[in-house]
Amino acid sequence: MGAVKSKLADCCPSECICCELLKSDSNDHKELPRPPSSNNNADVGDAIRRGVLAVQGIDFCVDINGENHHTSKFHLMTRKVDRCLVVRRGQAFKLDLLLNRPYDASKDAISFIFYVSDVETRGPSHETSAAVPLLEKGSETIGTWSAIYESQVDNHLMVSVTPASDCIVASWRLDIDTKLSGGSSLSYRHPLPIYVLFNAWCLTDSVYMPGHSHREEYVLADGGLMYRGVYNRIKPSPWNYAQYEKDILDCALYLVRKVGKVKGRARSDPIRTTRALSAAVNVQDDNGVIFGNWASDPRDYSGGTHPLKWVGSLAILQTYYEKKKPVKYGQCWVYAGVLTTICRALGIPCRPVTGYDAAHDSEGSLTVDIIKDDEGNTLEEFSNDSVWNYHVWNEVWMERPDLGSEYSGWQALDSTPQETSEDMYRCGPASLRAIREGDLQRPYDAAYVFAQVNADKVLWKYSGEIQPLKLMARDSVSIGQNISTKAVGKMEREDLTLTYKYPERSREERMTMENALRKSESIFARYYLNDAFNDVTFDFELRDDIKIGQDFSVVLQIKNRSVAESHQVKGILRVDTVTYTGVTGDGVKRSEFNMKIGPGAKEDVKMMVTFDEYYKKLVDQASFNITCLATIVETHFDYIAQDDFRVRNPDIKISIDGKPVSHQEFTVHVKVDNSLPIPLTKCKFYIQGAGLEKQLKIPLNESVAPGEFATAQFNLTPPWAGKHQITAKFTSKEMRDIDGFLSFMVAMPSGANGTN
């Protein structure tokens, strides 16, 4: 290597092609004259006869690079033909160059010209291209593109290439220019691209995430859980992210480039990339991925798939990438699942997050105003504010140099179209630190997320046009409960509430809210008008964990805490169906009460709701809103209380035969019990998991009687060893939103070595 070192000691020979590029005007991106192309056999032959080194092919070393870069599962790396290289920026990868003769550092100059595939012009080094000279072994470069001599055997030259840790995330093309000292030159253009991703393993990448288990969970895991239901009946729902599967990475890059319109250097920035993706996933402002639909009538979902039927992101993104048209239909968890897939495919750490009793503050006041009439009906015409039983958004991990290092870490990101931000339906990334501290002027959309998890809910009574609104209750604690995500490495729930706000009722939380109100200029005198009445208290008791098909009871507990006074209490107890977005549907049942409660006494108001009473009135996710509207007769004090309740659907049980081994077929069994007192018809299972390139649909030919099981089986061949997840969804005409999952380990074949 002495000759190599002496030749490369000055970094790059003066006659190197890349030096000619670097000497060019960096603002002039015109196509430079090309050296003789490897496609011109006559020119190549003449150059080789004159002794010019010729590249005859490149081995991408897919196996070792995939293992080192944690990219070996990508379909682009595993397909049988035209395997592309997927790597992460800021980290070296190996190339094995096949040459026509051994490389001689004393006379040969080699330059690697990388350029973003979708940029047509190949010019001097600038934001979408890099001219990289071959350097001697042991040369050090930090954060920039480099190509280092590693070794050679006969005509094989091993090179270590490192993309800049802040380079554009895209598919890149590679030309290799060779030149004989004082003589002719050749250029080789490789036919396949190299995909360069964000790198959470690289200290100098802006998405660097410490902790092996966290990177495994938030970048590499291709399946997981999201949470739905209501705050007191949390429902884990499996989701197959499928970021490694066919077309998913290409679709993610398409969304950044074409739909999100992120250009040039901005494609290296996770802040601008994720903000664009939060708009690109919905259809409102562009030709985005998902067409949203929150209709309560199942017939309004014709021409598409009901959101409850999606098992994961695979079918959605594959369909979108094939047709370049929005996929019907989605709701918040679908948006969040798809955005998780896209971010993880690109290498950005991402997780879906659910907040219960999530506020939609349409006025930017940091309050949610709910107005009721004398019957307890919500008067939606007076306020556009709402409270969703739950809302699912995302968090992404990154540095925030635009805000300061203290605002780095998790950022809230939301692709569900609710309000515009800078004239587009998007939200974030908003620093969780800024949200927690009430520092709401920090970009992007911190105030909206703050209200979503920490708004004050104000309940008013409307008694007619000539009567003033009467403040019945101010609730400063119920908004933003049980903020949840999947725990690292476990199929369990992790509570994130304290990362968004200080503990409810704490001095810090109230100070943060008041500080936020002052900054938003939205302090209203009505917050201080409510006179507390503490003698009579009301509380709901929802008994048992009710499975759909069963009757259930609602119990209102009334207690008189006065030791001297009796109180006459009259009111209405009612149960209504409700969408998870807080829109009230049909009334299920109501009961009036009028009773006198003695000093220190307790009374219960009970109302039984039967299956026949609620079943035909259910909307999307089998949720109910329970309301008590009561008056203390002697004092004319009005009280209103609300709670949410959900009947639970059965779960899909998944089992497998034997012990799974990679590349070996095994059988999977799925079953779900019919808990309804009526048969299930038009039954289907939907399955996603590694080894299934497309979503599997299994229709059942026969109905399922009450108390019986719907069953199916299928065969699966796992493509790699390690942790796998099967995600399943079941639908029928009579019962929807039934899902299940199974996590399991796949062994390597006996006698196999290394990593599959």
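This is a predicted model: local features need pLDDT of at least 70, side-chain atom pairs count only at pLDDT 80 or more; totals for chains, interfaces and linings use all residues.
A residue counts as exposed when its relative accessible area is over 50%, as buried when that area is under 20%, and as partly exposed in between. Glu 422 sits in the loop between β19 (420-421) and β20 (424-425), and its phi is positive, near 50°, although the residue is not a glycine.

Of its 756 residues, 57% are buried. The chain forms 15 helices and 39 strands. Among contacts between residues at least 6 apart in sequence, 69% join residues at least 24 apart.

Two helix pairs come next. Two packed helices are described by the angle between their axes and the distance between the axes. For helix α7 (residues 248-259) and helix α8 (residues 270-280), the angle is about 90° and the axes are 9 Å apart. Angles of 65 to 115 degrees count as roughly perpendicular, and α7 and α8 are therefore roughly perpendicular to each other. On the α7 side the contact is made by Leu 255, Val 256 and Val 259, which meet Thr 273, Leu 277 and Ala 280 of α8. These residues divide into 5 nonpolar, 1 polar and no charged.

Helix α8 also packs against helix α10 (residues 332-346), at an angle of about 150° and with 11 Å between the axes. An angle over 145 degrees counts as roughly antiparallel, so α8 is roughly antiparallel to α10. The crossing of these two helices is right-handed. Thr 273, Thr 274 and Leu 277 of α8 meet Leu 339, Ile 342, Cys 343 and Leu 346 of α10. This contact comprises 5 nonpolar residues, 2 polar ones and no charged ones.

Six strands form an open sheet in the order β21-β18-β17-β15-β24-β25, with antiparallel pairing. At its edges stand β21 (427-431) and β25 (493-495); each has a single partner strand, so one side of each is left without a neighbour in the sheet. Neighbouring strands are turned by 30° against each other on average, direction ignored. Within the sheet, strand β15 (residues 350-360) and strand β17 (residues 386-398) run antiparallel and are joined by 10 bridges, with Ala 359 having Val 387 of β17 as its bridge partner. Helix α10 packs on this sheet, where it touches β15, β17 and β18 (409-414), and its direction makes about 5° with that of β17. Another helix, α12 (residues 446-454), lies across β15, β17, β18, β21 and β24 (481-486) and runs at about 65° to β15. In the loop between α11 (432-437) and α12 lies Tyr 444, which is joined to Pro 443 by a cis peptide bond with omega of about 5°. A cis peptide bond also joins Lys 328 and Tyr 329, again with omega of about 5°; Tyr 329 is placed in strand β14 (residues 327-330).

A second open sheet has 4 strands in the order β29-β28-β31-β32, with antiparallel pairing. Its edge strands are β29 (584-597) and β32 (637-646), each with a single partner strand, so one side of each has no neighbour in the sheet. Neighbouring strands here are turned by 15° against each other on average, direction ignored. Strand β28 (residues 567-578) is joined to β29 by 11 bridges, and Val 578 stands opposite Thr 584 of β29.

The last stop is strand β7 (residues 156-162). Is this strand mostly covered or uncovered? It is mostly covered, as 5 of its 7 residues are buried. Strand β3 (residues 93-99) pairs with β7 in the antiparallel sense over 6 bridges, and Leu 97 stands opposite Leu 157. Strand β6 (residues 146-153) also runs antiparallel to β7, joined by 7 bridges, with Val 159 as the bridge partner of Tyr 149. β6 and β7 form a hairpin with 2 residues between them, and Asp 154 in the turn has a positive phi of about 55°.

How values were computed
Residues are numbered from 1 along each chain as its sequence is written. Side-chain values use heavy atoms; hydrogens and water are left out. Axes are lines fitted to C-alpha atoms, for helices over the stretch in contact, and angles run from 0 to 180 degrees between N-to-C directions. Angles under 35 degrees count as roughly parallel, over 145 as roughly antiparallel, 65 to 115 as roughly perpendicular and the rest as oblique. Contact means heavy atoms within 4.5 Å. Ala, Val, Leu, Ile, Met, Phe, Trp, Tyr, Cys and Pro count as nonpolar, Asp, Glu, Lys and Arg as charged, and the others, Gly among them, as polar. A crossing is left-handed if the near helix is turned anticlockwise from the far one by less than a right angle, and right-handed if clockwise. Two strands pair if DSSP finds at least two bridges between them. Buried means under 20% relative accessible area, exposed over 50%, partly exposed in between (1.4 Å probe, protein chains only).
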